[in-house]
Amino acid sequence: MAENEKNTEVAEVKKDAKKPVKSTKVPFTTKIGNFFRACKSELKKIVWYSKKDTFNSTLLVVIVLIVCSAAISVLDYGFSTAIQLLAKVL
């Protein structure tokens with residue numbers, strides 16, 4: 001009985017192997033359409049900040065930028081002055 005089942009399975013596998021494989025190639029235009037649909041779907045999931053939150057965050061970034069620039073400028077001036085003094089001594 002087991003041999004009969006094996007023979008049947010082997011015959012089915014051979015039949016399947018002879019069938020031509022259908023092309024699963026997707027047209028380029030379909031891929032582009034799918035891409036833009038996926039992008040639109042993802043954009044709907046984004047939680048956008050309010051104008052007030054965006055303004056506050058931007059203001060904070062600008063203030064931190066100005067403070068860091070000032071600190072770097074002071075350090076640069078101090079180091080360049082120290083190097084000039086060392087050059088005069090040596």
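Me: Is Phe-36 buried or exposed?

Reply: This is a predicted model, in which local features need pLDDT of at least 70 and side-chain atom pairs count only at pLDDT 80 or more, while totals for chains, interfaces and linings use all residues. Residues are numbered from 1 along each chain as its sequence is written, and side-chain values use heavy atoms, with hydrogens and water left out. Buried means under 20% relative accessible area, exposed over 50%, and partly exposed in between (1.4 Å probe, protein chains only). Phe-36 has a relative accessible area of 53%, so Phe-36 is exposed.

Me: What share of the 90 residues in the chain is buried?

Reply: Buried residues account for 1% of them. The chain exposes about 9200 Å², with 68% supplied by carbon and sulfur atoms; such areas come from the Shrake-Rupley method with a 1.4 Å probe, and for residues only the protein chains shown count as cover.

Me: Which elements does the chain run through from the N terminus?

Reply: Helices (H or I, at least four residues) and strands (E, at least two) are DSSP runs, numbered from the N terminus. Here the order is α-α-α, with three helices and zero strands.

Me: What span should helix H3 have?

Reply: The expected span is 1.5 Å times one less than the number of residues. H3 (residues 51-89) has 39 residues and should span 57 Å; its end C-alpha atoms are 57 Å apart, so the two values agree.

Me: Which residues form the nonpolar patch on the surface?

Reply: Patch residues have over 30% relative accessible area and no salt bridge; nonpolar side chains (Val, Leu, Ile, Met, Phe, Trp, Tyr) are joined within 5 Å, like charges within 9 Å. In this model Phe-28, Ile-32, Phe-35 and Phe-36 form it, with about 460 Å² of accessible area together. Phe-35 lies in helix H2 (residues 28-44).

Me: How many aromatic pairs does the structure hold?

Reply: Rings of Phe, Tyr and Trp (its six-membered ring) pair if their centres lie within 6.5 Å; planes under 30 degrees apart are stacked, over 60 edge-to-face, the rest tilted. There is one pair. The ring centres of Phe-35 and Phe-36 are 5.3 Å apart and the planes stand at 70°, so this pair is edge-to-face.

Me: Which side chains meet in a salt bridge?

Reply: The rule asks for a side-chain nitrogen of Lys or Arg within 4 Å of a carboxyl oxygen of Asp or Glu. Lys-45 and Glu-42 meet this way, at 3.3 Å from N to O. Lys-45 is exposed at 57% relative accessibility, and Glu-42 is partly exposed at 46%.
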